[in-house]
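Work through the exercises below with the sequence and the model open. Each task is followed by a solution in steps.

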Amino acid sequence: MNAPASHIEPATTTPAAGQAAAPATVIAASGLGLTFDTNDGPVHALSNVDLAIDKGEFVSFIGPSGCGKTTFLRVIADLEQPTEGTILVNGMTPRAAREARSYGYVFQAAGLFPWRTIERNVALPLEIMGYPKPEIAQRVGRTLSLVNLSGFEKKFPWQLSGGMQQRASIARALAFDADLLLMDEPFGALDEIVRDHLNEQLLELWARTRKTICFVTHSIPEAVYLSTKIVVMSPRPGRVTDVIHSTLPRERPLDIRESPEFLEIAARVREGLRAGHSYDD
Amino acid sequence: MTSAAGTLPAGGAGRESLAARLAAGNALPILIVVAAIVVVWYGFAVWLNLPWQLSVYERAGQAWTATDLVRDTLAQERPVLPGPHQVLAEMWRTTFEVAPTSRRSLLYHAWITLSSTLLGFVLGTLLGIVLAVFIVHNRAMDKSVMPWVVASQTIPILAIAPMIIVVLNAVGLTGLLPKALISTYLSFFPVVVGMVKGLRAPETIQLDLMRTYNSSAAQTFWKLRWPSAMPYLFTSLKVAVAISLVGAIVGELPTGAVAGLGARLLAGSYYGQTIQIWSALFMAAALAAVLVAIVGAGHRMVLKRMGMTP
């Protein structure tokens with residue numbers, strides 16, 4: 001919002017700019033719960049989650065494994081069905097939202113199809129959604145340049161590094177211009193240096209495309225660096241223990257991570273995690 | 001096949017001496033094994049044909065030396081075990097010195113067997129793929145069909161082949177198709193097993209991904225499951241084509257078939273023509289090798305086009 005000069009997104013149309021003035025609720029969960037029936041008895045993956053996410057926010061979900069952060073993302077994506085409560089995505093049920101193709105999902109692993117070149121991997125959702133050929137080519141070119149992968153169109157996934165593969169999978173999720181991006185620990189398997197680099201690029205991409213991003217992570221610095229809102233979760237049962245609104249500016253150089261403000265937010269996240277008894281075993 | 005493999009691990013150097021290429025590849029070990037087999041074979045041939053040859057000398061009251069003995073044991077008309085050169089000479093004669101349309105031509109018989117092998121292989125592959133698609137997409141099919149598929153292969157083919165031929169004859173089906181169906185019976189099995197595994201090969205992430213795109217079942221099949229199954233399909237096809245050939249030969253045995261490598265084997269054993277039996281066996285082996293090599297080449301070609309051979 002504060003960087004209109006760098007905002008040169010060709011596909012952005014006027015309604016997006018109009019809505020930015022009055023933020024609409026993209027995700028609204030109330031009393032959401034999900035219980036898996038396993039052989040060892042019921043597992044409460046999510047319990048009584050109330051959460052609202054506004055358009056254009058960058059929301060991180062942080063917590064130890066088993067706290068339901070991935071499950072929550074999968075509920076939004078209609079990959080899991082909640083057993084209690086309600087959730088609306090763009091004012092629709094998750095199923096309707098999925099059928100309307102209103103989100104792009106980035107998984108923990110890139111999950112590229114090894115028999116498709118990078119450009120054909122990015123074209124995959126467009127082919128499925130029935131875009132005409134010239135538009136597919138144009139969108140693939142645009143999204144690949146958005147994640148700095150121009151020039152790698154004809155490469156096969158195994159010819160790319162892990163970080164580049166993950167960038168390709170982000171391009172694949174961006175290709176059909178869904179306003180919502182769901183990312184499940186997308187950089188979890190990458191080393192710290194690559195991760196820093198991709199975090200920077202992700203922020204830049206977010207600023208340019210103005211998408212709403214839900215980002216699952218278990219790294220405190222990553223969550224604080226990226227987010228406008230941090231949702232701290234804790235396990236058994238998976239629940240939200242704290243929601244922190246970041247006071248950091250939207251423009252964030254990497255060295256902001258040494259600023260006192262950053263460290264203060266990180267401390268609060270750590271405290272929230274500890275309060276959730278997330279480390280007792 | 002050996003020469004292609006031989007050039008692979010040579011570390012990039014373009015022109016090398018033949019000896020170096022032989023040492024680097026697997027041609028040399030193969031040649032050594034072949035040479036060893038030939039030596040052992042000759043040893044057995046002399047030993048097994050010895051009693052008959054001795055009785056021949058005795059009846060003729062002929063004096064003989066060790067050289068005579070070796071020469072004569074390897075030149076009998078109906079030896080217990082013919083020498084390799086006798087088999088090769090017979091193969092050469094019946095392949096190149098006889099018109100391929102003649103009943104005495106090995107090529108004629110090989111073609112009869114090959115045609116029913118190929119028909120059976122194609123039918124078996126199609127049947128296998130169709131069954132696998134149903135098994136993967138339908139829980140009831142998975143539970144009900146798969147055990148029968150496995151059970152079908154526990155019946156000895158030699159027991160069921162005559163019945164298939166007789167039953168099909170009774171309904172008026174004769175000639176190529178009944179034999180081909182025996183090949184089908186054998187070859188659909190590896191295809192079903194391989195394709196079921198292959199169509200289930202996509203990772204959960206990839207299937208979830210297709211779901212997030214709201215992809216139809218047909219789209220998921222053609223864009224994800226089918227390409228994922230390709231390596232499995234070709235591995236199965238290599239097995240299937242080899243046992244299709246076995247099926248065709250077995251199918252020729254009980255019919256009193258007048259043509260085909262199986263008929264040639266049977267006729268050879270009726271009349272004690274061991275050389276004929278061995279040359280039919282060698283032709284069958286060569287046929288199998290060529291068929292497997294063709295499927296292997298198709299495998300490499302498809303994988304290369306899919307970018308899967310680094």
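**Exercise 1. A sheet in chain A**

Solution. Step 1: The model is a predicted one.

**Exercise 2. A covered strand**

Task: State whether the faces of strand β5 (residues 103-106) of chain A are covered or open, and identify a partner strand.

Solution. Step 1: Separate the residues by face. In general, side chains in a regular strand alternate between the two faces of the sheet. Here Y103(A) and Y105(A) are on one side, while G104(A) and V106(A) are on the other.

Step 1: Apply the burial cut-off, which is 20 or more other C-beta atoms within 10 Å. All four residues are buried, and both faces of β5(A) are covered.

Step 2: A partner is strand β6 (residues 180-184) of chain A, which runs parallel to β5(A) and is joined to it by four bridges. In this pairing G104(A) is opposite L181(A) of β6(A).

**Exercise 3. An enclosed helix**

Task: Decide how many residues of helix α4 (residues 118-128) of chain A are buried, and list what covers them.

Solution. Step 1: The buried residues are I118(A), E119(A), N121(A), V122(A), A123(A), L124(A), P125(A) and L126(A).

Step 1: These are eight of the eleven residues in α4(A), so the helix is largely enclosed by the rest of the structure.

Step 2: The cover includes α5 (133-146) and α6 (162-174) of chain A, and also α11 of chain B.

Step 3: After the helix comes G130(A), which has a positive phi near 75°.

**Exercise 4. The contact between the chains**

Task: Describe the side of chain B that touches chain A.

Solution. Step 1: In chain B 17 residues make contact, and they meet 18 residues of chain A.

Step 1: Two helices of chain B, α10 (204-212) and α11 (217-252), each contribute at least two residues to this side. The largest share, six residues, is from α10(B).

Step 2: By class, the residues on this side of chain B are seven nonpolar, six polar and four charged.

**Exercise 5. Two helix pairs in chain B**

Task: Characterise the packing of helix α8 (residues 157-170) of chain B with helix α9 (residues 176-199) of chain B, then that of helix α6 (residues 106-137) of chain B with helix α13 (residues 274-305) of chain B.

Solution. Step 1: The axes of α8(B) and α9(B) are 9 Å apart, at an angle of about 140°. This angle makes α8(B) oblique to α9(B). Their crossing is right-handed.

Step 1: Residues of α8(B) in the contact include I157(B), A161(B) and I164(B); those of α9(B) include P178(B) and L181(B). The contact comprises nine nonpolar residues, one polar and no charged.

Step 2: The axes of α6(B) and α13(B) come within 11 Å and cross at roughly 50°, which makes α6(B) oblique to α13(B). This crossing is right-handed.

Step 3: L106(B), A110(B) and L114(B) of α6(B) meet S279(B), M283(B) and L287(B) of α13(B). Five of these residues are nonpolar, one is polar and none is charged.

Methods. Residues are numbered from 1 along each chain as its sequence is written. Chains are lettered from A and ligands numbered from 1 in the order in which they are written. This is a predicted model: local features need pLDDT of at least 70, side-chain atom pairs count only at pLDDT 80 or more; totals for chains, interfaces and linings use all residues. Two residues are in contact if their C-beta atoms, placed from the backbone, lie within 7 Å. Ala, Val, Leu, Ile, Met, Phe, Trp, Tyr, Cys and Pro count as nonpolar, Asp, Glu, Lys and Arg as charged, and the others, Gly among them, as polar. Axes are lines fitted to C-alpha atoms, for helices over the stretch in contact, and angles run from 0 to 180 degrees between N-to-C directions. Angles under 35 degrees count as roughly parallel, over 145 as roughly antiparallel, 65 to 115 as roughly perpendicular and the rest as oblique. A crossing is left-handed if the near helix is turned anticlockwise from the far one by less than a right angle, and right-handed if clockwise. A residue is buried if 20 or more other C-beta atoms lie within 10 Å of its own, exposed if 12 or fewer, and partly exposed in between; C-beta atoms are placed from the backbone. Two strands pair if DSSP finds at least two bridges between them.
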